[in-house]
2 protein chains.
Amino acid sequence: MDPVIPDELFHPKSVAVIGASRKPEKVGHGVFANLVRTGFPGEIYGVNPGGGEVLGRPVFSSIEEIPGKVDLGVFVVPPPAILDGIPRLAEKGMKAAVVISAGFKETGREGARLERALLETSRRAKVRILGPNCLGLINTNARLNASFAAGTPPVGSISFFSQSGALCTAILDWAIGENVGFSKFISLGNKADLSESDVMESLSNDPETRVILGYVESIDDGIRFLRVSREVTARKPVIIVKAGYTAAGARAASSHTGSLAGSDRAYAAAFRQGGILRAETVQDLFDLALGFAMQPMPRGERLLILTNAGGPGILAADTAEKLGIPLAEISPELRGRLSGKLPPTASLGNPVDIIGDAQADRYLEALSAIREDPAIDAVLVLLTPQAMTQPEGTAQAAVQALADSGKTAFASFLGEASVREARKILSAGGIPQYPVPERAVRALHAMLRYRRIQGGVPQDAPDLAGIRRGEARKAIDAALAGGKKTLGEEESRAILEAYGFRFPRHALAQTSQEAVRAFEEMRRPVVLKIVSPDILHKTDVGGVRVGLSSPESVAQAFVEITSSARRMVPSAWIAGVSIQEMVTGGRELILGMSRDPQFGPLLMFGLGGINVEVLKDVSFRVAPVSRRDAVEMIREIRAYPLLSSFRGSAPSDEGGIVDGLLRISRLSLDFPEIQELDLNPVMVMPKGSGIRAIDCRMTIAEAKT
Amino acid sequence: MDPVIPDELFHPKSVAVIGASRKPEKVGHGVFANLVRTGFPGEIYGVNPGGGEVLGRPVFSSIEEIPGKVDLGVFVVPPPAILDGIPRLAEKGMKAAVVISAGFKETGREGARLERALLETSRRAKVRILGPNCLGLINTNARLNASFAAGTPPVGSISFFSQSGALCTAILDWAIGENVGFSKFISLGNKADLSESDVMESLSNDPETRVILGYVESIDDGIRFLRVSREVTARKPVIIVKAGYTAAGARAASSHTGSLAGSDRAYAAAFRQGGILRAETVQDLFDLALGFAMQPMPRGERLLILTNAGGPGILAADTAEKLGIPLAEISPELRGRLSGKLPPTASLGNPVDIIGDAQADRYLEALSAIREDPAIDAVLVLLTPQAMTQPEGTAQAAVQALADSGKTAFASFLGEASVREARKILSAGGIPQYPVPERAVRALHAMLRYRRIQGGVPQDAPDLAGIRRGEARKAIDAALAGGKKTLGEEESRAILEAYGFRFPRHALAQTSQEAVRAFEEMRRPVVLKIVSPDILHKTDVGGVRVGLSSPESVAQAFVEITSSARRMVPSAWIAGVSIQEMVTGGRELILGMSRDPQFGPLLMFGLGGINVEVLKDVSFRVAPVSRRDAVEMIREIRAYPLLSSFRGSAPSDEGGIVDGLLRISRLSLDFPEIQELDLNPVMVMPKGSGIRAIDCRMTIAEAKT
């Protein structure tokens with residue numbers, strides 16, 4: 001299969017700027033000037049009805065006049081001229097276009113129509129579109145700046161895509177000011193054609209990109225995004241800041257699962273399942289990127305902190321402890337080598353404190369010993385500018401000692417005025433440096449998180465026995481045909497049983513005699529519940545009796561339940577009374593699913609009762625969940641210890657819960673008609689005895705095709 | 001009462017430097033040079049046995065040669081010379097001394113002896129000591145730089161104290177590099193005499209200080225610190241970064257409370273009760289400080305965000321929502337005024353997006369309208385550098401429109417190269433600015449938190465009826481006399497009953513007949529429990545039976561309990577069996593106390609069962625707790641909703657819990673002998689019915705005097 005993004009987008013041999021302008025204040029001038037000034041080595045063709053020259057280069061008055069082949073078109077003209085120009089440039093060989101112009105979907109209905117037309121036109125012409133309404137595209141490796149940004153960043157190995165053009169300009173400005181190297185800068189604009197998923201896929205195959213960064217406000221095709229993320233993060237780190245994450249908005253939801261699943265829950269689950277590192281702020285995004293861009297991946301987790309002052313060392317150690325990063329043990333060999341070189345007042349713990357009068361030579365000697373120690377994986381060099389301190393010399397010492405050491409190195413030189421030059425030396429020498437130690441430790445933490453992701457999350461295809469899809473199909477079709485939206489316990493149970501869920505033995509009784517007859521066949525005690533499509537909250541109408549052990553109590557409960565329901569909901573049609581064996585010796589769970597508009601089925605897991613309703617102690621994953629996802633879902637809730645042996649109780653059957661989650665995942669994918677699903681409660685029995693669904697509800701709707 | 005810190009420390013008229021040196025590499029030279037170069041307007045006397053001149057000023061060969069009065073002494077000589085010099089300078093009128101020299105407690109036992117001698121000497125001489133082993137002291141308002149720092153920061157209204165001298169140098173370097181103004185810089189060193197509490201108290205009375213910052217590793221007198229914090233934060237904001245906070249270490253503890261109360265729990269509780277804002281990192285410390293230093297306190301909480309790009313606006317709004325800061329509603333009047341001045345594509349929600357081509361004039365017009373709106377309390381101005389953007393002009397517009405507007409203003413100009421000058425304009429104009437919007441919003445959040453603290457936390461003195469201190473005194477003395485460390489239920493109950501705790505009716509039975517006789521007097525059902533000082537975990541030895549309602553079952557349970565306990569702990573001395581009315585209809589709580597080495601009694605509150613043991617859902621406060629503290633303790637646990645009406649149950653008696661916490665607070669302060677205390681479980685009854693202690697334990701020890 002061809003890659004989605006043609007090579008001509010990032011590595012064109014020739015570029016045409018439609019709308020190249022002589023007037024410096026025009027965007028069409030800025031784009032043309034960027035291409036020329038960055039020294040793009042291929043052909044640059046300007047097109048403008050007026051013809052003439054721009055920046056001393058001839059400009060063609062029509063597309064047809066362009067003398068050669070065009071790989072990439074950049075459009076800075078009004079929408080109609082773009083729709084007109086795309087097929088004509090396609091005739092010249094154009095495979096990709098950057099549409100910078102605004103005036104599309106973001107302006108309202110007419111713009112949205114134009115955007116659809118843009119997409120249709122480009123599809124017919126077999127041209128892929130970046131934008132519209134974007135800043136453009138930069139590939140420093142190809143000396144290609146097809147944007148109206150105010151400059152070009154240095155060459156580097158970070159690539160960045162952004163749904164906000166303005167954030168692109170801010171980050172470009174920062175990169176130029178701080179001399180941070182980038183490979184590709186991609187402003188996604190309205191994402192009419194190419195999306196973040198396409199860009200991530202392309203960058204994962206790009207040898208010039210080591211780390212992929214993104215700024216995302218929304219994702220349209222969440223399911224594809226999750227699939228692509230899994231593939232990409234198996235090869236390269238992806239760090240994304242997601243904006244708009246608390247603006248979940250009120251979603252109408254009738255299930256527990258739906259009401260607990262804000263839209264950020266789905267993003268958080270998908271990012272996690274996709275192996276994406278989520279940055280909390282834009283600052284965080286670049287803090288984390290620097291480690292990946294400049295340093296080798298850590299071979300292990302053990303960190304050594306070297307400092308010339310106690311305080312910053314403690315702050316770094318605090319952060320490491322909080323993030324679960326182990327501080328390396330100082331081996332007797334290392335201690336011996338260090339003590340021979342350091343003054344007696346130095347502290348040979350970790351942090352290693354070579355004290356306030358340390359000059360560059362002492363740092364160099366300490367680092368030379370540290371670099372030889374195979375039990376250290378990462379090194380953080382701290383410096384506070386004191387009377388005798390040599391910031392530049394120390395920076396050089398750090399670069400010298402740690403380059404090619406195989407260790408993952410970071411630095412934090414505190415202060416400002418007297419460490420400015422030293423910071424430049426560190427950056428130029430490939431050591432990422434941060435103004436405070438905490439940020440350096442967080443960057444290491446991101447690399448350690450990625451270490452566990454790297455190589456990919458195993459996507460075991462769960463093997464689920466005893467699924468009778470046809471049966472479920474029939475039940476759902478029948479409900480849909482009857483115009484039902486909300487399925488009661490009986491109908492939901494039929495569907496769930498077809499997917500292998502076990503319910504306690506049960507029967508439907510229409511008279512008290514029938515109830516007693518059913519009771520005689522059952523293990524005691526039993527539960528009686530009203531069955532009516534018009535009554536959803538059964539306890540509220542006196543419709544439930546538990547712990548019944550004699551025929552007399554069953555008969556009496558039948559009468560009481562039905563008359564109470566009739567009295568309280570006179571309009572209700574009562575199908576009968578369900579009689580069910582009572583499950584004892586298990587622990588209450590809730591399993592559920594709600595459908596996220598971006599990511600599809602979002603599965604929820606929690607312990608029953610107050611854990612869900614009051615403490616909101618629940619976990620989420622996007623379907624399909626793997627066996628590993630399901631295990632993580634169970635273990636990440638705070639109350640997880642309750643499922644293992646607690647206060648002498650038998651451990652619960654975790655495998656049974658995993659199986660249940662996998663079955664809900666499959667069911668949700670097989671039947672897009674199911675909108676929401678609550679299994680509440682489900683009882684998990686002791687290890688080896690599986691789970692028993694007690695009550696369940698579903699809402700369904702005709703699936704959108 | 002005299003203030004602890006004499007005025008001569010911060011505002012001396014004359015300073016003597018003992019150890020003033022000619023050699024530029026010596027600390028004694030650096031200190032003298034700083035005094036001279038900063039232009040200290042008072043007398044500067046250098047003392048050095050060699051005499052001669054330093055920096056063109058005469059140096060005296062002995063203290064006695066100093067011709068005038070000395071207010072402040074600065075010591076940069078070895079410890080013996082300091083001990084010798086202090087009384088001699090006191091003769092010259094010295095009231096305060098800065099001891100920069102190291103070689104004291106930090107070097108070991110001999111140094112600790114010298115430090116004690118230093119303290120004794122200075123007390124005799126009535127001289128207060130800053131240090132030893134510190135960087136020194138700076139007061140920019142007095143042009144006093146009595147430190148060996150590499151420079152002097154600009155004048156400002158932030159004062160900073162630090163337990164790490166190196167961190168002082170780093171922050172000085174940053175202040176000089178970033179041109180951030182400071183009033184006082186105080187390096188605490190070993191805190192032999194003056195502590196963070198003394199400094200905070202002094203700075204709270206200092207008209208030159210608007211905001212107090214601190215870096216703290218440990219606090220010696222936690223009880224005084226808490227008292228001083230309450231007084232100081234009622235007048236000025238105090239922001240502290242506490243290092244070493246995860247290094248709680250393993251503390252031997254036999255109670256639930258003790259094992260859950262890591263040392264950081266006590267710091268967190270004390271900071272909160274003292275009204276101190278806790279910064280998470282050093283960067284955070286200064287981010288938060290800038291708002292207080294440069295802007296008026298917000299009059300309300302409503303924030304308006306003004307931006308020229310969507311992305312950063314969303315990031316700012318996200319942070320505001322996460323921190324609970326309300327975005328201001330755009331009133332019809334403001335909307336009208338804005339729409340008249342802005343292009344039609346501008347977005348008049350909040351964030352107000354004046355779009356990418358906004359120049360300085362558009363910002364000025366928008367801000368001029370915003371400044372007039374009384375329903376806006378704080379304004380955040382965002383800028384991303386786009387093609388038409390005028391960063392410097394926009395900065396000037398922001399300063400012009402927001403100065404003296406009564407609104408609390410912040411800015412975040414994203415990027416680097418093209419916003420550098422604009423940032424300087426903002427800072428010079430008194431608007432704190434941050435490289436990313438999230439940090440600006442966090443700074444506002446700190447001001448809003450302080451708004452609630454300002455004016456002081458009411459310290460209601462709880463009025464507790466029915467406390468019989470003498471009875472408790474006798475019980476504790478008896479236990480101590482018997483050499484007991486751990487008190488069982490019977491003894492603990494006596495003490496707690498003397499402090500007003502209600503237990504269910506109970507009796508001690510030594511025969512089954514006695515048990516049945518007691519039972520006849522009681523409300524059923526009852527509970528039987530083994531009573532033995534040698535058996536702490538009663539259930540483990542079959543020593544508890546619940547729900548007994550007949551004389552036969554009581555008699556049988558008596559026999560079973562005692563024989564089971566005898567069989568399982570043959571060595572135990574069995575005092576009898578306790579028979580107790582069973583409490584029903586309540587909710588299980590745990591109330592406890594453990595004694596923190598710094599802060600004294602640390603009270604704990606949690607819901608019983610899994611909430612404490614598995615979910616660690618507990619809250620802490622340092623005694624004495626006020627009524628308000630107790631209410632906060634109860635409400636901050638995650639499971640708090642369970643105490644209000646939940647699933648139709650009656651709301652619990654919150655007032656009863658408050659009363660219980662106040663009584664434990666009082667008991668812990670009255671009896672320093674009580675080391676740990678667990679009331680577990682306590683049942684809280686429905687509203688108006690108080691609490692019932694069911695089981696309790698205590699450990700005691702001779703109080704340290």
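Residues are numbered from 1 along each chain as its sequence is written, and chains are lettered from A in the order in which they are written. Because this is a predicted model, local features need pLDDT of at least 70 and side-chain atom pairs count only at pLDDT 80 or more, while totals for chains, interfaces and linings use all residues; side-chain values use heavy atoms, with hydrogens and water left out.

Start with chain A as a whole. Its C-alpha atoms fill a box of roughly 95 × 80 × 40 Å along the principal axes. The chain has 23 helices and 29 strands; these are DSSP runs numbered from the N terminus, with helices being H or I of at least four residues and strands being E of at least two. Of its 705 residues, 59% count as buried. Buried means under 20% relative accessible area, exposed means over 50%, and partly exposed is in between, with a 1.4 Å probe and protein chains only. A contact means heavy atoms within 4.5 Å. Among the contacts in chain A with a separation of 6 or more, 73% are between residues 24 or more positions apart.

Next comes the relation between the chains.

From V47(B), R638(B) is 591 residues away in sequence and 62 Å away in space, C-alpha to C-alpha.

Helix α23 of chain B spans residues 654–670 and includes E654(B). At 17% relative accessibility, E654(B) counts as buried. Its contacts, apart from neighbours within four places in sequence, are V631(B), I634(B), R635(B) and Y640(B). With R635(B) there is also a side-chain polar contact of 2.8 Å. A polar contact is a pair of N or O atoms within 3.5 Å; within protein, one must be able to donate a hydrogen and the other to accept it, and residues adjacent in sequence count only if both atoms are side-chain atoms.

Back in chain A, K538(A) is in the loop between β21 (526–531) and β22 (544–548). K538(A) counts as buried, at 12% relative accessibility. Not counting residues up to four places away in sequence, it touches E489(A), K529(A), I530(A), G543(A), V544(A) and D695(A). The side chains of K538(A) and D695(A) make a polar contact of 3.5 Å. E489(A) is also one of the buried residues of helix α18 (residues 489–498), which include S492(A), R493(A) and I495(A). After α18(A) comes G500(A), with a positive phi near 90 degrees.

Some backbone features remain. Most residues other than glycine have a negative phi, and most peptide bonds are trans. Phi of R143(A) is positive, near 50 degrees, and this residue lies in the loop between β8 and β9 (144–147). R143(A) is partly exposed at 46%. Phi of K191(A) is also positive, near 55 degrees, in the loop between β11 (182–187) and α6 (196–204). K191(A) is buried, with a relative accessible area of 9%.

The bond from G131(A) to P132(A) is cis, with omega near 0 degrees, and P132(A) is in the loop between β7 (128–130) and β8 (136–139). N680(A) and P681(A) are likewise joined by a cis bond, with omega about 0 degrees; P681(A) lies in strand β27 (residues 674–684).
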